[in-house]
Amino acid sequence: MFIVFGTRGIKHTVSESPVLENSCPNCDNGSLVNKLYRRWFTLFFIPVIPLDVVDRFYECSNCKSAYNEKIKDLLGQSQSIQDNAQHQARYVYAKALIATMTHMSVIDNDFAVEEEREIKDAIEQFDDIKTELIEIMERVKRDQNKDNFVFNLLNEARTELSAEAIMNILAQAGVVLLADGVIDKAEEALMKEYLIACGLPKDMYKTLIDKLQVKEIQEVN
């Protein structure tokens, strides 16, 4: 008899933490719910033993935006301070997203027209920094991860964003890896390198794949 065991990250609601009603900076009327990612030891893919907490964050009940826990203190600051913090978070998110999407697209040395179109569509969401994002795309197309450029952007994002926001970046970028319906060993290793670059354990890979597959279904629908 074979025994199948491992570890994976699972998202939980922190029930003892108060909900921040109507506080989401993104959609204005969503409530922020305290969440955490905890690693679990699994037996036959069933979580049986709780391990360490990977990260705690707030997630909007309405738009599902995710925020570092420092958002709780930020909400008590002036509107200008809140706006500046949100602008900075959006800036590092966008840079990491475009760099990662491009890197995943060129890793096999075959930058497809469809992949470039998807990246450019993502850039359009950030009109105020479009020029810089195009420069990032072109640099990664040319140099890939030379001087750890992509990994450094992910690491910078991790200092500003929650683990959930980082996972959303990787899931959005990772749709290109499922273009052929499978993720091979080299692509799996790359995804784990991204997690490590963000300071997250490789155990979160299974959680990332779950997000990635949901994202792909949403794209199809």
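**Salt bridges, helix packing and core**

Mentor: Glu69 is partly exposed, with a relative accessible area of 30%. Please keep in mind that this is a predicted model.

Trainee: With which residue does the side chain of Glu69 meet in a salt bridge?

Mentor: The N to O distance of the pair is 3.3 Å. Glu69 lies in the loop between strand E4 (66–68) and helix H1 (71–74), and its partner belongs to strand E3, so the pair ties together parts that are 13 residues apart in sequence.

Trainee: How many salt bridges does a search of the whole structure find?

Mentor: In general, side chains of opposite charge can pair when their charged atoms come close. Lys11, Lys35, Glu59 and Glu164 are, moreover, linked in a network of salt bridges. The search of the whole structure gives 14.

Trainee: Is Lys95, which meets Glu156 in a salt bridge, buried or exposed?

Mentor: The side chains of Lys95 and Glu156 meet at 3.5 Å, N to O. Lys95 lies in helix H2 and Glu156 in helix H5, so the pair ties together parts that are 61 residues apart in sequence. Glu156 is partly exposed, with a relative accessible area of 28%. For Lys95 the relative accessible area is 9%, and under the 20% cut-off this residue is buried.

Trainee: Which residue forms a salt bridge with Lys141?

Mentor: Lys141 counts as partly exposed, at 29% relative accessibility. The closest N and O atoms of the pair are 3.5 Å apart.

Trainee: How are helices H2 and H3 oriented to each other?

Mentor: Two packed helices are described by the angle between their axes and the distance between the axes. Helix H2 (residues 79–106) and helix H3 (residues 113–123) have axes 10 Å apart and pack at an angle of about 180°. Angles over 145 degrees count as roughly antiparallel. H2 and H3 are therefore roughly antiparallel.

Trainee: How many nonpolar residues does the contact of H2 with H3 have?

Mentor: On the H2 side the contact involves Ile98, Met101, Thr102 and Ser105. On the H3 side it involves Glu115, Glu118, Ile119, Ala122 and Ile123. By class, two residues are polar and two are charged, while the number of nonpolar residues is five.

Trainee: Which element gives the largest share of the largest nonpolar core?

Mentor: The largest nonpolar core has 50 residues, and those with the most contacts inside it include Ile98, Leu133 and Leu161. Among the elements that give two or more residues to this core are strand E3 (46–60), helix H4 (130–143) and helix H6 (163–174). The largest share is ten residues, and the element that gives it is H2.

Trainee: How many residues are in the other core, which lies apart from this one?

Mentor: Among the members of that other core are Leu20, Tyr58, Cys60 and Ile71. Its number of residues is nine.

Trainee: What is the phi of Asn22?

Mentor: Most residues other than glycine have a negative phi. Asn22 lies in the loop between E1 and E2 and is exposed, with a relative accessible area of 52%. Its phi is a positive value in a residue other than glycine, near 45°.

Trainee: Where is Gln144, which also has a positive phi, found?

Mentor: The phi of Gln144 is about 55°, although this residue is not a glycine. Gln144 counts as partly exposed, at 24% relative accessibility. Its place is the loop between H4 and H5.

Trainee: Which residues is Asp28 in contact with, leaving aside its neighbours within four places in sequence?

Mentor: Asp28 is found in the loop between strand E1 (5–13) and strand E2 (32–43). At 58% relative accessibility, Asp28 counts as exposed. With the neighbours within four places left aside, its contacts are Asn22 and Ser23.

Definitions and conventions:
Residues numbered from 1 in each chain as written. Predicted model: local features only at pLDDT ≥ 70, side-chain atom pairs only at ≥ 80, totals over all residues. Heavy atoms only, no water. Axes fitted to C-alpha atoms, helices over the stretch in contact; angles between N-to-C directions. Helix = DSSP H or I, 4+ residues; strand = E, 2+ residues; numbered from the N terminus. Parallel < 35°, antiparallel > 145°, perpendicular 65-115°, else oblique. Contact = heavy atoms within 4.5 Å. Nonpolar A, V, L, I, M, F, W, Y, C, P; charged D, E, K, R; others polar. Core = buried A, V, L, I, M, F, W, Y, C linked by side-chain atoms within 4.5 Å. Buried < 20%, exposed > 50% of the residue type's maximum accessible area, 1.4 Å probe, protein only. Salt bridge = Lys/Arg side-chain N within 4 Å of Asp/Glu carboxyl O.
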